[in-house]
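Welcome! Here is a short walk through a structure that may be new to you. Take a look at it first, and then we will go through it together.

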Amino acid sequence: MVLICSSKERSGSRVTPRSFTVLFETTVQPLRLIVRFNRRSLFCPSLKVESLQPSTSLCLKHMLLARAILGLHHVSLKCTAVGPVFEVQPSSVVYPEGLSKGTVTLNCQARASPAATYRWHVNGTNVPVGDLRYTLVAGNLVISGPQYGSDGGSYQCLAMNRCGTILSRVANLKFGYLHDFSGEGQSPQTVYEGAGAFLACQAPAHYPALSYRWFVNDFPSFVKPDGGRWFVSQVTGNLYLAKAEPNDTASYFCFTTIDMDISTKSTFSKANQLTVQPDGTGVKSAPAIKVRFPAETYALAGHTTQLECFAYGNPVPKLRWRKVDGLLPSKAGASAEGPILTLPEMTFHDEGVYECEAYNSEGRDKHQGRINVQAQPEWLQVMSDSEVEISSELHWTCVAAGKPRPSIRWLRNGQPLSTQDSGMYQCVAENKHDTIYSNAELRVQVQAPDFRSNPVRRLVPAARGGQVMLECRPRAAPKPTLFWSRGTELLTNSSRVTVTPDGILWIHNISRADEGKYTCFAENYLGKANSTGHLSVRDATKITLAPSNADINQEENVTLQCHASHDPTMDLTFTWAHNGALYMPHFNLSCRPYQGNYPFNTIGDLLIVSGQLSQAGTYSCTAQTVVDSASASAKLVVRGPPGPPGGLVVKNVAETSAELRWSRGYDNHSPIGKYVIMGCSPLSSGWRTMRTEPSNIEGNAESARVVGLLPWMDYEFQVIASNILGSGEPSMSSHTVRTQQAAPTVAPSGLGGGGGDRNELIITWTPMAREYQNGDGFGYILAFRKRNTPTWVVERVSNVESSRYVYSNQSLSPYCPFEVKIKAYNRKGEGPFSQIALVHSAEEEPTVAPLRINATALTAFEMQVSWDPVQHLSIRYWRQHEREAAADRVRTAGLETTARVAGLRPSTRYHVTVLAYNSAGTGPASPKSTVTTRRPPPNRPPGNVFWKTDGSWVTVRWDHVKALGNESAVLGYKVLYKHEGQSALKVLDKGKTSVTLPLPKDNGYVVLEIRSWGEGGDGASISAHLNQEGLISILYHLAATHDICL
């Protein structure tokens, strides 16, 4: 043991440090003693011990030894070390068997002070670190060339420093392998077309679990589901076929794969031959489930669970899943209609009975099984690092949840509990799914009383006539004995003085005579200490102007006054409470509900701006200094619109009315004048005022009848009360009620029809909206008859959405007029008939071709076709070298006798026929008429455009356009004049190549378009933009495909 004593010797104005070092040889562990003492005395008055050992018993031995050697009482213990806490723990590894040159690293890192050292256990025994194959890198264990026989097992890391040892979770090192398939192939299988079959995989020995696929004939032609016909089980690896087809005859290979942490390995089987024999009978079969999931499946919470189900059948069965004892979890997604039901992130809510159903047109088959959800241990409550006094008690609680219920065991420094106290503790919870650890450090404190970190307050102010508390809380272990003195007087409990067992001194009804110094003394078996504070007595705080009761209307302002006197040496603050809750002022300028006045003086008025109903109540003003406070209260009444009525119920619901009852709400200090009832239905966009009996509901009423409702309609109601200050908040909405059913009161609208096939009468109408149906069992009654006949034919249409009825009768004449009417019905009766409408039966196809057909070329791009009058007509036209089937069509409606056909090609011969048509079809075609379009117009615009202005007129001139041999002759020019949305067209003959036009009087401009024209139509144009200054711009355009017409 080393004893270090040091002191400072003052020599004049200098301070000279002195130190003494004494070495003691003891049988106990080393510790360092730091001693401060007065040079004039021969002993050290105080001693600080810093133990280098985590053991409380050793530290205590050092303490007692120091006291025995030096005769000291002020001895304290400080252990600055921190026990290890894991930051990285090892994880399980699957290593490929036979890979001799690789390495496995099991990670382990812990933070600690001083830094942790590490050891490793495998299967409960020490790992021989230092062996050529085992290396420790920081805390990580590196195993070189892992060997199946000697290195497999359960590994744990131990992290330790002088404060203790902790044990990591278990990490398993296992060796993965996948052997080859047996060299013997399976016997060929033969199955008839339409039947089911399966091919067994018979996977070789392996670890860990395999994934399975099958390929056909050649790799990698893998089998695909093909609409649910094929299925590969990931449990057995077998390949299942729901319905065999002739093209399924092939060689099939089972392909298996294992995934390990550092590699992947695959292998495949010998060929499995499948032959499908044709069966021309086409016999169908009901589903038969062949792949069944277990009757009991155990799933782990937080993990994914899969259930397999597959069936044979013809047609190929479809699959669907359901949860028998609840709703199928939505997270199942698309797998709910497939052979593998996938449930990710399992929870205890997912536990239950699941059913797979296979179905087709021939029948169905079902299979059920239960999923039991279990869970790994997880901590609900863990322990934390603790420092306790010697000889005291400590309770640590560890609570873990899991299924099965976890067992709990405790470790100290990585071992089962022993009689030592200080150290690193671990709580271990485990079940068959996992083991988890919780760590904490326990430190046992031993210390003489010390006030340095928490002395008695040096200055304690107190108000005259009040009370004061002086605290005494030194650091000490074990707890010290505490007592107080004033000067030389030891204080004991009296009518005005109380000393509590934990060292708190209370003085009541304080007077000036109580001022002075007060000292707290603390003592335990390790030493003594004291601390002194001064009590200063001040004047009491008093309310000089208390707030008065006030009565305001909502949105009005009010000021509550509060003035106080106090000791002038202290600061005064004001606080307000509303109904007992602290009322903090807000200074939000956008609303400013209230505002406090808090100057550093004796006034603390509260200004409430735009008072609200919620601000009514009792206000308490408190004037406070650091030593005392005084309070006064007042009541504020805020008058406003009534509160919401309560207890709204709906009774005696009839077809078009309902009775409402309610109870009065708060009138907010102003009598209720009237009530308004609001209603809402699925057809309304929001709440609306309802008609009532009586129409004006007085303020003392608590019931009324709502009228004018629609039969068989859902309604909700609210009641709103009002007074002279306005309308209040609505009541809570009533429960939804449905009015009674009634017979329809209106007839369907939009009655019409016509058209259809031969011998048909089609009647159409607009379906009745929901608000007019008045009841369920809704439908329509149609009545129709030939015009001028007495007998009506009546038909019922039971579908509410129907809008069309087709009446077929071989005796119906084409286009025969019928009188038609319609009404609605429901379970309660029938409504009125509509007005009679006239509808014609279907027409016959036209049987006569149109007569006197003539086609005339108008331009290079357009022709005109004429005929004798026909109601509806279709024009067909095609070029001479084309077939008639490719003809273009133009249709007309009404009794037209001519039509223009545009978009033609210049100088082209066209054939034209005309056909009559109606709703029943198209009639025969007329004889062909032939027409040749004219030569195209010149595609060059007028050139050399120039102009001359004369005041408000402009003269524009251009060169003549000459037609080429394949173009139509120019017969003249067209000049289009545009200004401010107005247009004018001048047509000039061939001899004119100029035009005089007015100019705008303002600074605007005109647009001129100049183009040639002739038999072929309009040629290319040129545009000129002109104003008073002259030409602005010129634009050229291609030849038009049709003439300019105004």
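Which residue's side chain meets that of R639 in a salt bridge? The partner is D551, with 2.7 Å from N to O. A salt bridge here is a side-chain nitrogen of Lys or Arg within 4 Å of a carboxyl oxygen of Asp or Glu. Before going further, please note that this is a predicted model, in which local features need pLDDT of at least 70 and side-chain atom pairs count only at pLDDT 80 or more, while totals for chains, interfaces and linings use all residues. Residues are numbered from 1 along each chain as its sequence is written, and side-chain values use heavy atoms, with hydrogens and water left out.

Back to our pair. Helices (H or I, at least four residues) and strands (E, at least two) are DSSP runs, numbered from the N terminus. R639 is partly exposed, at 27% relative accessible area, and D551 is also partly exposed, at 44%. For these words, buried means under 20% relative accessible area, exposed means over 50%, and partly exposed lies in between (1.4 Å probe, protein chains only).

The structure holds 34 salt bridges. Side chains of opposite charge can pair when their charged atoms come close. In one of the bridges, D450 joins R452, with the closest N and O atoms 2.6 Å apart. D450 is buried, with a relative accessible area of 16%, whereas R452 is exposed, at 69%. Another bridge brings together the side chains of E523 and K528, at 4.0 Å from N to O; E523 is partly exposed, at 34%. A network of salt bridges links D226, R229, E245 and D248.

Next, let us turn to a sheet. Four strands make up an open sheet with antiparallel pairing, in the order β60-β61-β66-β64. Its edge strands, β60 (646–651) and β64 (691–693), each pair on one side only. Two strands pair if DSSP finds at least two bridges between them. Between β60 and β61 (residues 658–663), which run antiparallel, there are four bridges. Across from K651 stands E659 in β61.

Finally, find V444 in strand β39 (residues 434–445). Is V444 buried or exposed? V444 counts as buried, because its relative accessibility is 13%. V444 and A477 are 33 residues apart in sequence and 9.1 Å apart in space, from C-alpha to C-alpha.
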